[in-house]
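Reader: I'd like to learn how to read contacts between parts of a protein. Could we walk through a case together?

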Amino acid sequence: MSSNAAAPFWRAAGMTYITYSNICANLVRNCLKEPYKTEAISRERVHFAVSKWAEGKPEKPTIRSDTPEA
Amino acid sequence: MLRRATTLLTRSTIPLRARPFSTDVAETAPADSTFSDAWKKVVPHIDPPRTPLTFMKPRPVTPSSIPTKLTVNFVLPYASELSAKEVDMVIIPASTGHMGVLPGHVATIAELKPGVMSVHEGADVTKYFVSSGFAFIHANSIADIIAVEAVPLDRVDASLVQKGLAEFTQKLNSASTDLEKAEAQIGVDVHSALNSALTG
């Protein structure tokens, strides 16, 4: 139906829209003035533990976090 | 050859049973009458259960005359900046260029690029720098604008923007893989948009 229109440069380099959008948002957050910058960065902080399962049992979880390990 | 011309000319151009398009949503959710009748026969004293369709608000009707104001819903993942606010115009930074949206604008879906969005209400103009997102303009003059990050321009630090621009221009020159080039290019685009937003 529609031919493949010229893809945006980030799509041509293998990046998805979500990755592009998140990179843009992070760059904007890093350019904010002080109280807003720390607010924005702390709001977007993530912390989660991922564990793979093998033979019905969870293996040791890997922690992915923006806060350094206490 | 033209024996049937009169028949062909006088036949109705409207198809005999005009079928509605499947994408048209009914304006009021239809309540299933066969179900409610069967229910009432078995359990007359309890109301029939409501189905999910009856809970959904039907699509608002497109008014036949152009409304005087545009209703804007501007949302971010963590906050609802503007919620059903009636304004005169919004200028959105679409990837095809800055686009002014007035009441009665044709239904459009626009991908936004990093840039300034301005909301015009009478004599007030509120500007936000939008990192990226989408704008859905519906036929009934309701605009839904969604962005990942949007900040008023006075919260942006000019020196950090300059530093970022210099850093990414340098990264763009020294990038080797496609992905690095793309990331550096994104950095240059965002910082130059921030720069022109602050100076423009």
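Reader: How many salt bridges does the rule find across the interface of domain 1 of chain B and domain 2 of chain B?

Author: Here's the general idea: side chains of opposite charge can pair when their charged atoms come close. Keep in mind that we're looking at a predicted model. Across this interface of domain 1 and domain 2 of chain B, the rule finds zero salt bridges.

Reader: What does UniProt place at residues 70–142 of chain B?

Author: The unreviewed UniProt entry places the feature "domain: ATP synthase F1 complex delta/epsilon subunit N-terminal" there. In the model, residues 70–142 of chain B are 0% helix and 68% strand, and the end C-alpha atoms of the span lie 6 Å apart.

Reader: Let's turn to the two chains. How much area is buried between chain B and chain A?

Author: About 2200 Å², and carbon and sulfur atoms give 72% of it. B:Glu149, B:Arg155 and B:Ile186 supply 26% of the area that chain B buries against chain A, more than any other three residues. The contact takes 29 residues from chain B and 22 residues from chain A.

Reader: How many salt bridges and polar contacts are there across the interface of chain B and chain A?

Author: The rule finds two salt bridges, along with six residue pairs in polar contact, both partners at pLDDT 80 or more. On the chain B side, the elements giving two or more residues are strand S8 (133–137), helix H4 (158–174) and helix H5 (178–199). The largest share, 11 residues, comes from H5(B). Sorted by class, the side of chain B that touches chain A has 15 nonpolar, six polar and eight charged residues.

Reader: Which side chain of chain A meets B:Glu149 in a salt bridge?

Author: That's A:Arg29, at 2.5 Å, N to O. A:Arg29 also forms a salt bridge with A:Glu44, where the closest N and O atoms are 3.7 Å apart. A:Glu44 sits in the loop between helix H3 (34–43) and strand S1 (47–50) of chain A, and A:Arg29 in helix H2 (residues 17–30), so this pair ties together parts that are 15 residues apart in sequence.

Reader: What does the salt bridge count come to over all chains?

Author: By this rule, seven.

How values were computed. Residues are numbered from 1 along each chain as its sequence is written. Chains are lettered from A and ligands numbered from 1 in the order in which they are written. This is a predicted model: local features need pLDDT of at least 70, side-chain atom pairs count only at pLDDT 80 or more; totals for chains, interfaces and linings use all residues. Side-chain values use heavy atoms; hydrogens and water are left out. A salt bridge is a side-chain nitrogen of Lys or Arg within 4 Å of a carboxyl oxygen of Asp or Glu. UniProt positions are given in the numbering used here, feature names are shortened, and annotations may be inferred rather than shown by experiment. Helices (H or I, at least four residues) and strands (E, at least two) are DSSP runs, numbered from the N terminus. Contact means heavy atoms within 4.5 Å. Buried area is the accessible area (1.4 Å probe) that two parts lose on being put together, summed over both. A polar contact is a pair of N or O atoms within 3.5 Å; within protein, one must be able to donate a hydrogen and the other to accept it, and residues adjacent in sequence count only if both atoms are side-chain atoms. Ala, Val, Leu, Ile, Met, Phe, Trp, Tyr, Cys and Pro count as nonpolar, Asp, Glu, Lys and Arg as charged, and the others, Gly among them, as polar.
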